[in-house]
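Reader: Please show me the model. I would like to go through its chain contacts and one of its strands.

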Amino acid sequence: MGLKASDYKTPLFVDWCPGCGNFGIYAALQMALAELQLKPYEVVIVSGIGCSGKTPHFMNVNGVHTLHGRTLPFAIGIKLANPSLEVIAAGGDGDGLGIGVGHFASTGRRNVDLTYIIHDNAVYGLTKGQASPTLQLGLQPKSLPKPNVNAAINPIAMALTAGYTFIARAYAYDVRHTSDLLVQAINHKGLALVNIQQPCPTYNNINTKDWYGGLDRVNPETGNPNPRIYKLAETGWDPVVRTADEDLEKSLAALKKAKEWGDKIPIGVFYKNELIPTYQERISRTIPFYATSPPAKQKIKDESGSPALVMEKWFKELRV
Amino acid sequence: MTGKEFNWMIGGPQGSGIDTSANIFGRGFGYGGYHLYGKREYHSNVKGLHSYFHFRVSNKPVAANVNDVNLLAAFDAETIVRHIREVTPKGGIIIDKSDLNLAISEIRTLPSELMKLIMKNHGSKRTHKTIIDLIEEAKEKETRVYVVPFLDLLKEVGDEFGIEKLSRVTRMKNILALGTTFGLLNYDASLVEKAIGVVFREKPGVVKMNVSAFNKAYEYSKQNFDDDFPHKFKKLDIHEERIFLLGNQAVALGKVLGGCRIQTYYPITPAADESEFLEAHEVFKLQSGNGAILVIQTEDEIAAVNMASGAALAGARASTTTSGPGFSLMVEGLSWAGNNEVPIVITYYQRGAPSTGLPTRHGQDDLRFVIHSGHGEFPRIVLASGDMKECFFDAARAFNYAEKYQMPVIHLIDKAMANSTQSYKVFDLSQVKIDRGEIASRDDLQIGKYKRFRFTDSGISPRAFLGTKGALMWYTGDEHDEIGHISEEPLNRNQMMEKRMKKLVKAGEEIPSEEKFNFFGQEETKNIIISWGSTKGAILEAMELLRKEGFNLAFLQIRMIQPLPSNSIERILGQAEMKIAIEMNYSGQLAATITEKTGIFMDYFILKYNGRPMTTTEVYEALKKILRKNAEKRQVLIHGS
């Protein structure tokens with residue numbers, strides 16, 4: 001019998017606010033792992049600091065709850081030491097796009113084969129609602145004493161220019177769709193970003209569930225809301241780069257699509273390119289046995305406890 | 001007469017091959033059976049500013065520089081200006097003919113304060129004073145001056161190899177300086193040719209050209225300077241197998257031997273050389289099959305330390321390497337590693353601080369910083385090596401400490417070791433063992449049973465690596481329970497704090513004394529020196545000089561700063577009449593730490609913080625003042641250029 005979604009839960013009390021978008025992401029993550037039938041001991045969820053940082057404790061897989069903004073460096077260290085592990089990094093928008101934005105960009109350059117989820121609610125929840133890097137210029141959610149003076153970072157556009165090879169946006173309250181995207185991201189060969197739009201019912205009283213769902217702009221004739229969220233796949237969008245020479249065109253199209261915000265918010269896969277070698281493949285060019293004998297799996301001593309390394313050649317080079 | 005000891009200095013603009021010539025010089029003498037010690041001084045600059053190498057060669061082991069320069073080989077005028085006064089009476093200067101008529105004021109790279117000082121020192125207010133004027137003054141002290149037409153010799157080399165453009169051969173000025181040097185010393189040219197072959201082994205064409213340049217200068221020197229220079233050296237009949245290495249190479253070797261398989265770093269002087277050396281040797285032979293170290297250049301030191309922690313959690317022996325500014329960025333990660341009992345090794349190359357400070361110069365300013373860095377109280381081990389050999393063995397051993405006691409280990413090195421070279425008898429590796437500490441047993445690993453932070457009597461919880469079948473584990477920077485989940489409960493908090501902290505006590509009890517400190521001399525000696533780090537060589541040599549004059553001193557060299565071997569220190573210092581702290585910093589940081597832990601105060605301080613390592617000569621002089629009872633409590637050393 002296979003593992004069920006609920007097998008990926010710990011019995012801990014989940015202490016997010018009622019209605020938090022994290023619940024949707026949490027459910028989607030369990031569904032995705034169950035769909036992939038990943039063995040819990042082979043999965044590592046790495047998080048940063050913030051409400052989303054607690055995710056690993058609620059998941060019945062290995063969890064590494066790290067420092068604010070440092071989710072990716074920890075995740076990369078784990079993955080490169082033992083590439084057979086399935087490493088999923090999950091952090092907030094403040095974590096990955098504010099304090100950790102340098103790592104966000106640098107990680108793109110490496111294309112390490114891991115999945116990075118950003119919980120994007122445009123506020124710093126755990127510190128009581130300050131503006132996060134994805135809050136649009138001029139908005140004033142309820143904790144802000146005055147409207148936001150900073151323009152918003154566009155994570156999709158930034159990921160494109162930084163070198164992420166799978167870039168998707170999800171919406172936390174569409175759990176099925178989010179789970180599908182997570183499955184694709186985990187299966188992707190290379191670095192995958194899933195930026196998840198997530199209402200914060202406590203502090204973001206602007207980008208709410210109703211706002212995403214378009215309840216503020218109901219058609220007076222039909223009485224139907226006009227949702228802002230729509231799925232790229234339903235528009236015939238093709239994100240996949242199949243040959244090197246179509247990369248520029250697909251990248252530019254995705255960049256253009258990434259600029260859509262406000263009236264229409266696309267979700268789904270913006271861009272996917274498996275032609276770029278992963279960091280692991282790049283390492284293997286000079287360390288051919290890396291995949292089978294990565295740093296965490298190498299024999300470093302013999303039975304007597306003596307080092308496995310043969311030092312003669314090193315000394316020979318330094319001999320006088 | 002065949003010499004016993006010789007001090008050579010080669011200087012010129014940065015980027016002109018100083019290092020290469022020093023390497024060849026050292027190897028040339030090394031092949032002849034001589035012992036070697038050499039230090040490199042350079043500016044924080046890529047090309048053009050002054051740089052030099054000060055080499056000491058002896059038929060006995062040498063471990064530091066002395067003030068003397070017996071022969072100064074200059075390939076620019078600035079070297080003459082800066083170092084001429086260091087040349088011993090009856091010593092020599094090799095100078096390029098085309099530099100002779102240069103006015104000192106024309107040397108654009110000389111800082112104005114130095115220019116003024118030089119004018120003052122040479123008793124002249126004239127700004128048009130030239131190199132010839134300096135040379136004439138030196139000749140009055142019987143300094144020998146060997147003027148070599150470098151350009152003419154370079155042209156000859158160019159002609160021989162069909163190279164018309166002089167700029168393509170000017171780089172070989174350094175080899176001409178070497179050729180002239182060895183000609184004066186009447187040393188076996190074939191040994192130096194061998195060294196040239198080894199240093200340029202990947203470029204056979206370059207070897208040929210350099211050997212030719214070397215021989216042209218060697219012959220020129222023999223023909224024109226005859227037997228004028230009093231120092232002569234010949235090959236010794238020695239058959240001991242020796243290596244000649246830099247401090248950063250010693251650390252790199254120790255790390256791979258000790259099982260380090262992943263190293264992260266962000267470029268910083270003087271730490272980066274170690275990582276580059278490792279990367280150039282990333283694949284290596286194991287007893288069966290091959291191994292490799294993965295070297296990752298990160299975007300910053302924050303990523304470097306945390307990536308290393310991630311790798312350590314997955315079960316690799318992991319390390320990062322840095323200097324002061326980089327370590328400052330790492331301390332939040334250090335605190336996380338301490339809280340999560342992560343066995344990472346941080347190699348810390350100290351340099352002159354604060355801030356960017358003296359980025360390419362020496363200092364040991366950071367002892368107090370590394371024992372307290374990071375918010376909160378958590379255990380860490382701090383090692384301080386005193387020479388290249390200790391660098392090697394400590395680098396290997398650091399991983400054992402880290403894994404056995406499950407805590408970060410900071411290995412303090414300094415610029416003086418990182419960029420200095422020394423020759424040693426090939427290290428005996430039989431004492432190197434790998435101990436990975438307590439690893440979770442099968443019983444620990446039953447599904448649902450494993451507790452990463454299980455309370456035990458020793459405070460050490462058996463470790464499982466991420467990905468271990470049957471074991472799930474959680475880590476968090478928050479205070480956590482035995483499983484690794486967040487806990488803010490007061491009782492758990494106390495238990496966890498005590499669990500972590502008692503590991504340090506255990507480490508202090510279990511680690512043998514010989515790995516914590518060295519004691520040189522007799523315990524009943526009344527005058528005891530306390531020091532740490534690369535001052536070791538100069539102190540031991542100064543003690544030997546003083547012993548010959550009838551002054552007895554002992555030396556307690558502390559190698560483990562944390563946990564500090566306080567009991568041993570109390571026992572040894574308790575009976576001393578005079579305690580002398582020698583440190584490369586302003587305040588005497590080890591002395592203050594000892595006072596804090598033992599209540600023992602030092603009687604004298606010999607301190608230095610001008611960015612240049614202590615020489616044997618100045619330590620000897622400072623100690624002698626103390627022994628003759630005519631020293632201030634605090635002496636500040638100033639030698640160096």
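Reader: How many bridges join β2(A) to β17(B)?

Author: This is a predicted model: local features need pLDDT of at least 70, side-chain atom pairs count only at pLDDT 80 or more, and totals for chains, interfaces and linings use all residues. Residues are numbered from 1 along each chain as written, chains are lettered from A in the order written, and side-chain values use heavy atoms, without hydrogens and water. Strands are DSSP runs of E, at least two residues, numbered from the N terminus, and two strands pair if DSSP finds at least two bridges between them. Val64(A) stands opposite Tyr475(B), and β2(A) runs parallel to β17(B), residues 474–476, over 3 bridges.

Reader: How many residues of chain B are in contact with chain A?

Author: Contact means heavy atoms within 4.5 Å. Chain A brings 58 residues; the number in chain B is 73.

Reader: Which residue of chain A forms a salt bridge with Glu241(B)?

Author: A salt bridge needs a side-chain nitrogen of Lys or Arg within 4 Å of a carboxyl oxygen of Asp or Glu. The rule finds 3 across the interface of chain A and chain B. With Glu241(B), the closest N and O atoms are 3.6 Å apart, and the partner is Arg319(A).

Reader: Which residue of β16(B) stands opposite Lys39(B)?

Author: Lys39(B) belongs to β2(B), and is buried (under 20% relative accessible area, 1.4 Å probe, protein chains only). β2(B) runs antiparallel to β3(B) over 7 bridges, where Lys39(B) faces His54(B). β2(B) also runs antiparallel to β16(B), over 3 bridges. There the residue opposite Lys39(B) is Ser420(B).

Definitions and conventions:
Buried < 20%, exposed > 50% of the residue type's maximum accessible area, 1.4 Å probe, protein only. Helix = DSSP H or I, 4+ residues; strand = E, 2+ residues; numbered from the N terminus.
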